[in-house]
Amino acid sequence: MLLTLTTTHRPATDLGHLLVKHPDRVQSFDLPAGAAHVLYPEADEARCTAALLVEVDPLKLGGGRRRQAATPDSFTLGQYVNDRPYAASSLLSSALAKVFRSALRGESRDRPELAATAIPLEVRVPVLRCRGGADLAVRVFGPLGWAVAATPIPLDEAYPEWGDSRYVDLTLTGTLRLADALNHLYVLLPVLDDAKHYWVAPDEVDKLLRAGAGWLADHPERGLITRRYLAHRRALAGTALARLAELRLTDEPPADDSVEGGPATGDGAGSAPSAETPRASLAVRRREAVLTALRASGASRVLDLGCGGGALLAALVADRRFTEVVGTDVSSQALTLAARRLRLDRLPERQRDRIRLWQSALTYRDDRLRGYDAAVLMEVVEHLDPPRLPALEDAVFGHARPGTVMVTTPNVEYNVRYEGLGAGRFRHADHRFEWTRAEFAAWVERVATTYGYTATISGIGDHDPEVGAPTQLAVLTSTETGTRKEETTR
Ligand code: SAH
């Protein structure tokens, strides 16, 4: 099986640096089920192509419970005679992960800036088994910024009346970071093939979320991708979808995740209905808890700091007691999503005047943020490197000084209740830390004492007698400007 990767970014031979494979050499690697070779059919200044060729020994695929998954054709000979040596599949994806490990992580010793830059790329997989047809390839790669050409391969060219096979010739063209491209392929090739060659263990959820960081949570086909990637194991898919729901920048009603696209090919693996709905409610409960605390504080001019895609902003705008609603974020993409969600361009002027969206980094003092009644830091502090936290404390509690501050953050003790979240792992690929209840309480107390606030701490979500609630909430009230707050909270 074969995959080629071409760039026309100049000098194109830098592709060799990004992949850490020299264009002048053929390099080979052992795999559990065969061997992988990397070679460059073309490599010059203007255009460079790396080819990953994977040789599979079908006999090495057999053995124990793996056999079932290894050979989609469940007849005895199918163990020896099958498409695995030729068609791209999860074997190609494992080879990709092994051979291009640092590139997949976006790391490059020699060309770190190029690794972080979107470059013109063309990916070709000449034979890909695609359960669901060429159309499904378009649906999974298209939303990620790829132009997709997927041509069905006829069953037998001599007998066109036999129609098309289950294989497509796939070409993807786009301008992307190489690491993103590789992560898309790593996840989506086995998803299209829909037959994993290895046993799917709970740590596959972590692998999926790591490889899917930044693109899977908001992908319209995330339900299908997740279920197929996790080999239709319902409990794992449910866990993964619940965690993805937490990561979404936008949370419109979930797309209908329970519908598999394309014609069923009858190999038995039907899709389970999504378990997303009941779990997604933690995000909703968090929002409700923050709104309740805001209303109780009597605030009318409020800041949502690190507002992300604007889910809380939408709820604030819907309540007329909030006369001014400001969303800030360091990410312009987040602000664009928020503006779209709020339909800013279509709001009547009077409504629009209540809303402001500002790009602002929480680690710098920003005069625009001074003098508000309340500020929300919902699921934000854990996105900062711990050494940057004092800068946030100064900017928010020292400089902006809102009357009330609501802070929510995960309770790391609760993570043991998430099946599939490996020990020591965080809920979100971008979390720099997650606190225990004691750690959060200590931080809140220190900030309150330093900046003149009083604090109460509570939990959001189902309370577990041993490990507490999944989310922690602190409400800090300034002792300086306490009059109105004292009236309402006594
Ligand atoms: N509050 C939103 C989003 C949480 S995700 C919600 O609960 O849904 C964390 C957000 O914090 C992201 O949108 C990220 O862009 C933002 N963020 C991270 N570091 C930041 C910083 N230093 N300054 C401002 N925003 C930051």
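Q: Two strands pair if DSSP finds at least two bridges between them; with that in mind, which residue in strand 9 is the bridge partner of D304?
A: In this structure, which is a predicted model, the bridge partner of D304 in strand 9 is G327.

Q: And how many bridges join strand 8 to strand 9?
A: Five bridges join strand 8, which covers residues 301-305, to strand 9, which covers residues 324-329, and the two strands run parallel.

Q: What sheet are these strands part of, and in which order do its strands come?
A: They belong to an open sheet of seven strands, and reading across the sheet gives the order 10-9-8-11-12-14-13, with mixed pairing. From one strand to the next, the twist averages 15°.

Q: Which strands stand at the edges?
A: The edges are strand 10 (355-359) and strand 13 (453-460), and each of them has a single partner strand, so one side of each is left without a neighbour in the sheet.

Q: What holds paired strands together in general?
A: Strands of a sheet pair through backbone hydrogen bonds, and the pairing can be either parallel or antiparallel.

Q: Which helix lies across strand 9 and strand 10?
A: That is helix 14, made of residues 332-341, and its direction is at about 165° to strand 10. Another helix, helix 17 (residues 437-451), lies across strand 12 (404-410), strand 13 and strand 14 (471-478), and it runs at about 10° to strand 14.

Q: Switching to the ligand, which residues around it come nearest?
A: There are 14 residues around the ligand, and those that come nearest are G306, G308, D329, L362 and M378. Sorted by kind, the residues of this shell are seven nonpolar, five polar and two charged.

Q: Where do backbone atoms come up to a nitrogen atom of the ligand, say at M378?
A: At M378, a backbone N or O atom lies 2.8 Å from a nitrogen atom of the ligand. For L362, a polar backbone atom is 2.9 Å from a ligand nitrogen, and for V330 the corresponding distance is 3.3 Å. The ligand on its own has 570 Å² of accessible area, of which the protein covers 79%.

Q: New topic: which strand does strand 1 run antiparallel to?
A: Strand 1 (residues 2-7) is joined by four bridges to strand 5 (residues 119-129), and the two run antiparallel. As one example of this pairing, T6 has E122 as its bridge partner in strand 5.

Q: How many bridges join strand 5 to strand 7?
A: Nine bridges join strand 5 to strand 7 (residues 164-176), and these strands also run antiparallel. Here V125 stands opposite L170 in strand 7.

Q: What is the bridge partner of V38 in strand 4, then?
A: In strand 4 that partner is L52. A hairpin of four residues joins strand 3 to strand 4, and eight bridges link these antiparallel strands.

How values were computed
Residues numbered from 1 in each chain as written. Predicted model: local features only at pLDDT ≥ 70, side-chain atom pairs only at ≥ 80, totals over all residues. Heavy atoms only, no water. Near = heavy atom within 4 Å. Polar contact = N/O pair within 3.5 Å; in protein donor to acceptor, adjacent residues only side chain to side chain. Areas by Shrake-Rupley, 256 points an atom, 1.4 Å probe, with all protein chains shown as cover. Nonpolar A, V, L, I, M, F, W, Y, C, P; charged D, E, K, R; others polar. Pairing = 2+ DSSP bridges. Axes fitted to C-alpha atoms, helices over the stretch in contact; angles between N-to-C directions. Contact = heavy atoms within 4.5 Å.
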